[in-house]
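Have the structure open as you read.

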Amino acid sequence: MNFYIMTLFPEMVMDGLHTSIIGRAVNNGLLSIEAVNIRDYAFNKHNSVDDYPYGGGAGMLMQAEPVYQCYRALEERIGKKPRVVYLSPQGKTFHQEMAEEFAKEEELVFLCGHYEGIDERVLEEIVTDYVSIGDYVLTGGELPAMIMVDAISRLVPGVLHNDVSAEFESFQDHLLEYPQYSRPEVWHDKRVPEVLMSGHHANIEKWRREQSVIRTAKNRPDLLLKAELTEEEKRLAEEISGCKAGDMGL
Ligand code: ADE
């Protein structure tokens, strides 16, 4: 999968995404991540890419033309109109199913705004998806783009060494992940739950599933709306969250 990130701060994106698991996947040729500097498409001798907003107001706006030329150069290189994600608090809130949907693309372009945003006219022409990473305002779209690249990349086959782990974890079935333990058996007087030491796989699976339901009911009861629970699990979730079945949509 090939990611292109249109930004005024290419080093921020490249430094952040070329380490750890994503960095390894890039080195293995499973992914490519390229930051494209919008400033390279500045069309005046001062290399500026921002200007005052018409109508007044605080701050500067990224101008349409450098963004457009940057996009056109990418479109030409890719050889077709790519999906272009504009990171903005005004977009749809990013979630795991969205990541799964984006992971099907061969090419994905991210457009990172800065200052007070980007001239609306170029957004209308090139953006296919408006995405927010949550209800808070950041100084630019770079961190949100990096978050999306990370979440999408780990769904690309081969990026995680054990393919099962992307499948069976938090959110996959709308439940949070169960607690995990490693050596030593006792740490700070806390013992690893007995069932995990038993070697009894069916019991371990049962315990993990129950823990997932308990955690979700405690921390994110909203997720239970979409989870498929047995009658017994529904009762457990109700007991933990203190919500009536109807309130949780169960
Ligand atoms: N740019 C600034 N804040 C943002 C957010 N919450 N999500 C996506 N892009 C942003």
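Here, a residue counts as near a molecule if one of its heavy atoms lies within 4 Å of it. This is a predicted model, where local features need pLDDT of at least 70, side-chain atom pairs count only at pLDDT 80 or more, and totals for chains, interfaces and linings use all residues. Residues are numbered from 1 along each chain as its sequence is written, and side-chain values use heavy atoms, with hydrogens and water left out.

So who's around the ligand? The residues are Leu-87, Ser-88, Pro-89, Val-131, Ser-132, Ile-133, Gly-134, Tyr-136, Val-137, Leu-138, Gly-140 and Pro-144. Sorted by class, that shell has 8 nonpolar, 4 polar and no charged residues (Ala, Val, Leu, Ile, Met, Phe, Trp, Tyr, Cys and Pro count as nonpolar, Asp, Glu, Lys and Arg as charged, and the others, Gly among them, as polar). The strands β5 and β7 each supply at least two residues of the shell, and β5 gives the most, with 3 residues. Strands are DSSP runs of E with at least two residues, helices are runs of H or I with at least four, and both are numbered from the N terminus.

Next come the polar contacts, meaning pairs of N or O atoms within 3.5 Å. Each row below pairs a ligand nitrogen with a backbone atom.

| Residue | Ligand atom | Distance |
|---|---|---|
| Ile-133 (backbone) | nitrogen | 3.0 Å |
| Gly-134 (backbone) | nitrogen | 3.1 Å |
| Tyr-136 (backbone) | nitrogen | 2.7 Å |

Taken alone, the ligand exposes 260 Å², and the protein buries 96% of that (areas come from the Shrake-Rupley method with a 1.4 Å probe).

Which space does the ligand take? That would be the largest pocket, where "sits in" means that more than half of the molecule's atoms lie within 2 Å of the pocket's grid points. A pocket is an open set of points on a 1 Å grid over the protein atoms alone, where a 1.4 Å probe fits, with protein on both sides within 12 Å along at least five of seven lines; lining residues have an atom within 4 Å of a point. The largest pocket holds about 520 Å³ of space, a volume being the space filled by probe spheres set on the points. Its lining has 25 residues, with Tyr-86, Leu-87, Ser-88, Pro-89 and Gly-117 nearest the centre. β5 (83-93), α5 (120-126) and β7 (129-132) each give two or more residues to this lining. Here too β5 gives the most, with 5 residues.

Notes:
A polar contact is a pair of N or O atoms within 3.5 Å; within protein, one must be able to donate a hydrogen and the other to accept it, and residues adjacent in sequence count only if both atoms are side-chain atoms.
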